[in-house]
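Hi,

Here is the structure I promised to send over. Have a look at it first, and then read on for what turned up when I went through it.

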Amino acid sequence: MTADAQATTLGLDHRKLAMWTFLGSEFLFFGAFVAAYLLYVTTTAGGPGVEIFDIPFTSISSFVLLMSSLTMVLAHNAHRQGDLRRMRMWILATAGQGAVFLGGQVFEFTTFYNEGLVFTQSPFASSFYVLTGFHGVHVFVGILLLMSLYALSLTGKVKRDQDLKTEMIGLYWHFVDIIWVVIFAVVYLIPEIAVG
Amino acid sequence: MSATQSHDTESHEDHHPTARDYVNIALVLALLTALEVSTYFFDFGPIAIPLLIVLMIIKFVMVANFFMHLKFDTKIYKQLLYTGLAFAVVLYTLTLIIFVFERAPSV
């Protein structure tokens, strides 16, 4: 490596190093909300509890998000090979699956609200909405990043040899996916078995 | 190398899985998810919750190792990710223990 403006004294690209540091710190952010949820999972104030969850529906959403990680890594793979057309196709597929997941979350929240699980109903309701809502915000930000990458690639501002840009957005997207892997098990499935 | 052309700064080109490898990994992840969901439909008894935790960890590590390339990248990235995770697990486990013993406010 020559005197690269992006390199650190570790010999690594500082943007990627910063992304990994950010992702590591995000565990503390989500950990707080998961801990609050676990603390209040049975504190329903007479309102709906975990029995309100529609596990088959959420399973499909989870599957869609998991498969979006596949299309994301295929986008990065295509970019590494210099195939920008295929990269853009996989980026669109990833953003589309993210949008399907978000749509599912909006539908789920609306259904829960109509069934009496209002945000201020109980500590259970608040902790559930805050945790899953913040995850949804992360997915939304991911979709914006993906669409920005798509647009920049179309206008020639992302070039064939700049696959690090796709990789960085991919890291963020995969992180959002692994957080959902945890949420799906800890928030939905385990309480459904333990409490429901 | 220009400021924006840095994809070879860490030279891990030779170790990346192929597209077919990624599809195979995704298939395994899909199967593990199906097994997770099956705990809702079938009674797994006392092993259900430990099984879900194990499946969650396997899926987590697979995505991090293969899709995020932690398996092929420098160890520093792995340390950054898992240090953050370890901090969070220790901090919030202790917090939960304290809250449980101190009795959290309830409604």
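Let's begin with where the two chains meet, keeping in mind that this is a predicted model. On the chain B side, 48 residues are in contact with 54 residues of chain A. Three helices of chain B, α1 (19-41), α2 (48-67) and α3 (75-102), each put at least two residues into the side that touches chain A. The largest share comes from α3(B), with 14 residues. As for what that side of chain B is made of, 32 of its residues are nonpolar, 13 are polar and 3 are charged.

Now for chain A by itself. Chain A has 196 residues, and 47% of them count as buried. If you take the contacts in chain A between residues at least 6 apart in sequence, 78% of them join residues at least 24 apart.

Helix α2 (residues 55-80) of chain A packs against helix α5 (residues 163-194) of chain A at an angle of about 160°, and their axes are 9 Å apart. Angles over 145 degrees count as roughly antiparallel, so that is what α2(A) is to α5(A). The crossing of α2(A) past α5(A) is left-handed. The residues in this contact split into 10 nonpolar, 9 polar and 5 charged.

Cheers

Notes
Residues are numbered from 1 along each chain as its sequence is written. Chains are lettered from A and ligands numbered from 1 in the order in which they are written. This is a predicted model: local features need pLDDT of at least 70, side-chain atom pairs count only at pLDDT 80 or more; totals for chains, interfaces and linings use all residues. Two residues are in contact if their C-beta atoms, placed from the backbone, lie within 7 Å. Helices (H or I, at least four residues) and strands (E, at least two) are DSSP runs, numbered from the N terminus. Ala, Val, Leu, Ile, Met, Phe, Trp, Tyr, Cys and Pro count as nonpolar, Asp, Glu, Lys and Arg as charged, and the others, Gly among them, as polar. A residue is buried if 20 or more other C-beta atoms lie within 10 Å of its own, exposed if 12 or fewer, and partly exposed in between; C-beta atoms are placed from the backbone. Axes are lines fitted to C-alpha atoms, for helices over the stretch in contact, and angles run from 0 to 180 degrees between N-to-C directions. Angles under 35 degrees count as roughly parallel, over 145 as roughly antiparallel, 65 to 115 as roughly perpendicular and the rest as oblique. A crossing is left-handed if the near helix is turned anticlockwise from the far one by less than a right angle, and right-handed if clockwise.
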